[in-house]
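Student: Could you walk me through how the labels for this structure are assigned? I'd like to see each value set beside its rule.

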Amino acid sequence: MSAWLRDETTLHTGAGARHGVGILAALRDGGDRLPERTGDRAGQVTPSGAAWLAGASARPRATLARWQAHPSTPDVLPCGSSFDVVNVPALFGRRMLERLWAEGPGSGPVATHRGRLLLFAAPGTAQRLPSLLSWEEWGTSHPRVPRACLPALLCHGTGDAVTVPPLAAGPGAGGPRWLVAPDTRHPWLPGPDVLLWACVRVTRSAAPSTTGNSIFPPADPGANVYDVSRRR
């Protein structure tokens with residue numbers, strides 16, 4: 001019987017705090033070598049995590065068998081059922097993770113691929129997050145927030161597929177890698193509201209402003225302002 005088919009988990013009481021501390025330390029050191037820099041093996045997939053990933057495919061057991069035969073080979077999985085994926089530039093993504101782990105609820109699984117971070121999110125995020133970002137006027141160019149602070153985010157949901165890292169990758173191996181690997185059959189996944197919060201916090205902290213960190217354009221000083229508080 002395949003080792004990846006056993007229902008095992010490395011989660012235990014108090015693991016979350018140490019897990020978050022290790023991730024933050026690795027992110028501040030660069031992020032690419034998280035599995036070697038942390039003692040809690042945050043970048044290595046557990047058997048339960050592999051079972052969760054395989055559940056996104058049409059034939060989970062066949063997928064697990066393929067991974068058992070080729071554990072160092074990346075695979076492609078569909079989005080929309082078990083998870084969606086938010087694809088962001090690596091530097092911006094690491095800053096998002098720092099916010100999520102230091103000030104927020106943490107993150108779900110995260111992978112690196114071709115200079116970008118893949119943040120695994122709750123199903124439906126790919127449909128909802130672009131609308132929330134549009135409401136926040138994401139991408140609007142104005143002097144207070146350079147366009148470089150507002151990178152394009154790619155959202156992968158129903159009908160899309162993403163490349164997932166191999167279950168076992170040796171030191172120095174190229175290609176996609178797990179930064180925060182799945183380690184349970186039911187991992188917590190951030191929704192669109194959590195990821196929106198992280199995006200806005202990172203953008204505000206990066207905005208070169210001395211009077212505020214708003215991502216909205218400054219008000220026109222010559223505009224007419226009317227007091228509507230007494231309207232009947």
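**Cavity and helix packing**

Tutor: Gladly! Let's begin inside: the largest cavity has a volume of about 30 Å³. This is a predicted model, where local features need pLDDT of at least 70, side-chain atom pairs count only at pLDDT 80 or more, and totals for chains, interfaces and linings use all residues. Residues are numbered from 1 along each chain as its sequence is written, and side-chain values use heavy atoms, with hydrogens and water left out.

Student: Which residues line the largest cavity?

Tutor: Lining residues have an atom within 4 Å of a point; among them are Leu-100, Phe-120, Pro-190 and Leu-195. The lining divides into 7 nonpolar, 2 polar and no charged residues. Nonpolar covers Ala, Val, Leu, Ile, Met, Phe, Trp, Tyr, Cys and Pro; charged covers Asp, Glu, Lys and Arg; the others, Gly among them, are polar.

Student: Why are α5 and α7 called roughly perpendicular?

Tutor: The axes of α5 (residues 90–102) and α7 (residues 192–206) cross at roughly 110 degrees and come within 9 Å. Angles of 65 to 115 degrees count as roughly perpendicular, under 35 as roughly parallel, over 145 as roughly antiparallel and the rest as oblique, so α5 and α7 are roughly perpendicular. Axes are lines fitted to C-alpha atoms over the stretch in contact, with angles from 0 to 180 degrees between N-to-C directions. Helices are DSSP runs (H or I, at least four residues), numbered from the N terminus.

Student: What makes α6 and α7 oblique?

Tutor: The axes of α6 (residues 125–135) and α7 cross at roughly 40 degrees, and α6 and α7 are therefore oblique to each other. Their crossing is right-handed, meaning that the near helix is turned clockwise from the far one by less than a right angle.

Student: How do you know that α3 is oblique to α4?

Tutor: Helix α3 (residues 47–54) and helix α4 (residues 60–69) pack at about 130 degrees, with axes 9 Å apart. That makes α3 oblique to α4. Contact (heavy atoms within 4.5 Å) brings Ala-50, Ala-51, Leu-53 and Ala-54 in α3 to Pro-60, Thr-63, Leu-64 and Trp-67 in α4. These divide into 7 nonpolar, 1 polar and no charged.

Key
Helices (H or I, at least four residues) and strands (E, at least two) are DSSP runs, numbered from the N terminus. On a 1 Å grid over the protein atoms alone, a cavity is a set of points where a 1.4 Å probe fits but cannot get out, and a pocket is an open set with protein on both sides within 12 Å along at least five of seven lines; lining residues have an atom within 4 Å of a point. Grid points are joined across faces, edges and corners, and a volume is the space filled by probe spheres set on the points.
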